[in-house]
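Hi,

Here is the structure I promised to pass on. Please open it first, then read my notes below.

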Amino acid sequence: MEASPVTTAGGADPVRKSGPLHTPHGDTTIEETVVQKLAGMATREVPGVYAMGNAARRAFSSMTDRIPGSQTNASNGVSVEKGERQAAIDVSIVVEYGYSIVEISQNIRRNVIRSVENATGLEVLEVNVNVTDVHLPEEDSGEDEDQARKPSGRLD
């Protein structure tokens, strides 16, 4: 017995969605915050990224990090525009002095695209990198030890 095609109220065939998130057995939806967190974590993994976000956001985050029981905001410095199958991602970073901004940007794009596409099935159309500041070694005085990173790919 052949299955008859499903029709809409107007009698036309519905638009069939296909892809890893849309199957005959159901749809999977992914919130923008999920993509933001994945992109934020992938960005932080890149050597030479000292911090994420602009100065005001970093100051607010540093205050909330001191509150007992608070969680680090993994999506800080990341904005996402997401459709059903594609995403565009913007990241704002502070680079560690001595690193190549060009190399850091390329590594961020590679890492974010791989992470988001593998985890979500979404196609990442673009990753825009906004460098908001350069962290200088003498700025480490007075900061928490866990905030400061040890450089491991510096241009010397």
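H135 is found in strand β6. Helices (H or I, at least four residues) and strands (E, at least two) are DSSP runs, numbered from the N terminus. This is a predicted model, so local features need pLDDT of at least 70 and side-chain atom pairs count only at pLDDT 80 or more, while totals for chains, interfaces and linings use all residues. Residues are numbered from 1 along each chain as its sequence is written, and side-chain values use heavy atoms, with hydrogens and water left out.

Is H135 buried or exposed? H135 counts as buried, at 3% relative accessibility. Buried means under 20% relative accessible area, exposed over 50%, and partly exposed in between (1.4 Å probe, protein chains only).

Now look at Y50. H135 and Y50 are 85 residues apart in sequence, yet their C-alpha atoms are 6.9 Å apart in space. Their side chains are joined by a polar contact of 3.4 Å. A polar contact is a pair of N or O atoms within 3.5 Å; within protein, one must be able to donate a hydrogen and the other to accept it, and residues adjacent in sequence count only if both atoms are side-chain atoms.

Next, helix α1. It has 13 residues, 32–44, and at 1.5 Å a residue it should span 18 Å. The expected span is 1.5 Å times one less than the number of residues. The end C-alpha atoms of α1 are 18 Å apart, which agrees.

Which residues of α1 are buried? They are V35, Q36, A39, G40, A42 and T43. These cover an arc of only 165° around the axis, so they sit on the same side of α1. The arc is that of the directions from the helix axis to the C-beta atoms. What covers them includes β3 (49–52), β4 (78–82), β5 (86–96) and α3 (101–120).

I30 is buried, with a relative accessible area of 15%. Leaving aside neighbours within four places in sequence, I30 is in contact (heavy atoms within 4.5 Å) with L21, V35, K82 and T120.

Last, the largest nonpolar core, which has 23 residues. Such a core is a set of buried Ala, Val, Leu, Ile, Met, Phe, Trp, Tyr and Cys residues joined through side-chain atoms within 4.5 Å. I89, I104, I108 and V112 touch the most other members. β5 gives the most to this core, with five residues.

Best wishes
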